[in-house]
Structure formats: C-alpha cells, structure tokens
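Please look over the model shown here with an eye to its charged side chains. My comments are set out as numbered points.

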Amino acid sequence: MARIYSRITGTGAALPARAVSNGELARDLAKRGVETSDEWIVARTGIRQRYLAEEGLTTTELGARAAEAALAASGAPASSVDLIVVATSTPDHIFPSTACLIQARLGIAGGAAFDVQAVCSGFVYGMTVADALIRTGVYRRALVIGAELFSRILDWNDRTTCVLFGDGAGAVVLEAANEPGVLASRLHADGSQAQILCTAGRIAQGGVQGDPFLRMDGQAVFKLAVGVLDSSAREVLADAGMDATQIDWLIPHQANVRILNATAKKLGLSEDKVVVTVERHGNTSAASVPLALDDAVRAGRIRRGQHLMLQGVGGGFTWGSVLVRF
Ligand code: ACO
C-alpha cells in the first residue's frame, strides 16, 4: 500500500481590529503608574506594536476566522474537514474545547475536534498530532489552528510581561497526500521548568484560586529557548537526512527578535532566511508560528516546494520543530 503523508494546502490568519503601538501602550500604562517606553521595548524585544482584542471577541471567533481563510486558500469546503486541532492556552471555556466551538462556528459536525495545550509550542504540537493522525489513513483533512487572547491573562501592572504579548490566530489546512509535506517532527517537554513561565491560577469552588496572571522569569526563558531551538532543529534535520543549508525559511516562535536572530546564527543561517513578524504581532503564543507562516505565504516570499522549519518553545517548558516541504 502506498504510504500516506500530510501536506499543507492552505494557510490563514486573523487579527483583532486594533493595533496598539509601543508609544500608545506606554501612554496607557503611564496612567496606571507603570513606566515603559518604545525605546526599551524595541531594543530588548524588537516589538513595535501588537493587536489587542476588543471586549467580547473570543478565541473561538478569531480561530474560526483564521480557519476560514485557510480553507479559502486551499479551496477545500469546511464540510470536508474531519479533524480540528486547536492549540491554545487561552480557551474560551474550561470545556468544551475551543476546537469543538470552532467546529460548530464553521457549521460542521461529526469529525474529531480537540485542543492541545503546549503554550507557545502549541502549534508545532498540533501539527505533529494532526500529521500522525493523517498518516494512520483514518483522517483525510485537518484544520490545525493556533488561537490566543493572551491580553486576557496579562497583568497590566507588570511591565516585565505586559508589553510582550498580543492576540491573534493562524491556521493551516493539512491533508493526506502521496508526497510529503511534513518531513519530520519532534516534540519535547521538561516539566521541572514549569515555574519559569506559567499562569498558575485555577477555577474552583466558584472562583479563581491562585494567581490568574501570566508570570515569567524572562532571562531563564531566554537562555533555555535559544538552546532548545537549535538542538531541536538539528534533530529534525537529521531525521529527514538534511542539513541546515537546505532550510529555505526558518519560522520560529515569535517571542523576541533577539531569540530569533540568535537561533539563526547558531544554525549558520543568515537573518534574511528567518520569517520575523514579532515587530508587528508581538508574542501571540500558539498563534505566532501560523501567523508568521501565513504572512510570508501571502507576501509571496514562501513558495511551493520550499523547505520550512517551524519551531515552538514556551511554557511547560515545551519545545519542538516540524520540517515541512511546502
Ligand atoms: N520597560 C522598561 N523597563 C523595563 C521593562 C519595560 N517594559 N521591563 C523590565 N524593565 C527593566 C527592569 O525593571 C530592569 O530594570 P533594573 O535594571 O533597574 O532592575 C531592566 O529593565 C532589565 O530587566 P531584565 O528583566 O533584566 O531585562 P532583560 O534584558 O532580561 O529583558 C526580556 C527582558 C525582554 C523579557 C528578556 O529577558 C527576554 O527576551 N526573555 C525571553 C523571554 C521572552 O521573550 N518571553 C516571551 C514569552 S516566552 C516564550 O514565548 C518562549
């Protein structure tokens, strides 16, 4: 029997209507007595603006819009989707999953739908799971969606975190094919580092117990992120029998331009091979990789047949890479 692979046939994205520049954010934060500046944010992170959701916008709605754009790009009808995997750490409810809510919003039913929770690594986790399920031959067409409203879990009095994140969603249609597609992928986690990036609160007894805000040890995250992005890229290249010179585009999680450039340097790649959208989107956690992918595809930079290294790293601590022939 011929082997089954999975390949990306469409990409899509969705952002809230309102872009907030560093200057605007600094002015808003100053009203609360929180001091920051455009200069500090740009120098330390490369971020110049982020999109922040209006009240009432949901993760489901943003994710569904990205999914619709990906379906339109692939030419596939929503009714043909038999698997929805949503990567999110900011779901609309504890349950049901955002994937089920997006399924209903797309007007379909019957296929599998579930969320994966791997914070900023969520999209590469989702891609790996969907690829594996498609390769079983049981599922034919998946939507893999990263959708986040991190603005809802930010402490706007904590300048070390609130300037870094934004809201958004990105999606791909991943479907069964005779040729890859996904060439190799690897996922990792080290739960002993859970405390360096977490939102530890929980809902119990009718209220929130513990801290409901995102907390981060920025320097610890920075050090770990650069090391694991390099090692996991090398690991999937070896699995695919390729080397770094064959990567056309590196698309790492968009946390910080210094992390992106340090990763490229370690891999011996020039900075013009790195897709960078963090300056416009901020860190959108699980949405950042599919947002960056869609941005570069729609700009005509990424072309069919090129090799893409998609990389996630984030809370858990989690990390992983997916090597794709587009
Ligand atoms: N505006 C102005 N000053 C600030 C701000 C701010 N928003 N935030 C912190 N500062 C100050 C600090 O108070 C400190 O002042 P002090 O020296 O008087 O004490 C000074 O700036 C330096 O603070 P550091 O935390 O040491 O700054 P650092 O150079 O480490 O940069 C940053 C912080 C950008 C978070 C960095 O550690 C980093 O990039 N970490 C990677 C983590 C990351 O990007 N995480 C995103 C989520 S994780 C993920 O997605 C994988």
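Predicted model: local features only at pLDDT ≥ 70, side-chain atom pairs only at ≥ 80, totals over all residues.

1. Residues are numbered from 1 along each chain as its sequence is written, and side-chain values use heavy atoms, with hydrogens and water left out.

2. The structure contains 16 salt bridges, a salt bridge being a side-chain nitrogen of Lys or Arg within 4 Å of a carboxyl oxygen of Asp or Glu. Side chains of opposite charge can pair when their charged atoms come close.

3. In helix α3 (residues 59-74), R65 and E61 are four residues apart, about one turn of the helix; helices here are DSSP runs of H or I with at least four residues, numbered from the N terminus. The closest N and O atoms of their salt bridge are 2.9 Å apart. A network of salt bridges links E61, R65, E68 and R105.

4. R65 is partly exposed at 34% relative accessible area, and E61 is also partly exposed, at 22% (buried means under 20%, exposed over 50%, and partly exposed in between, with a 1.4 Å probe and protein chains only).

5. Helix α10 (residues 288-298) holds both R298 and D294, again four residues apart, and their side chains meet in a salt bridge at 2.7 Å, N to O. R298 counts as exposed at 52% relative accessibility, whereas D294 is buried at 5%.

6. D28 and K31 form a salt bridge at 3.6 Å, N to O; D28 is partly exposed at 32%, and K31 is exposed at 71%.

How values were computed:
Helix = DSSP H or I, 4+ residues; strand = E, 2+ residues; numbered from the N terminus.
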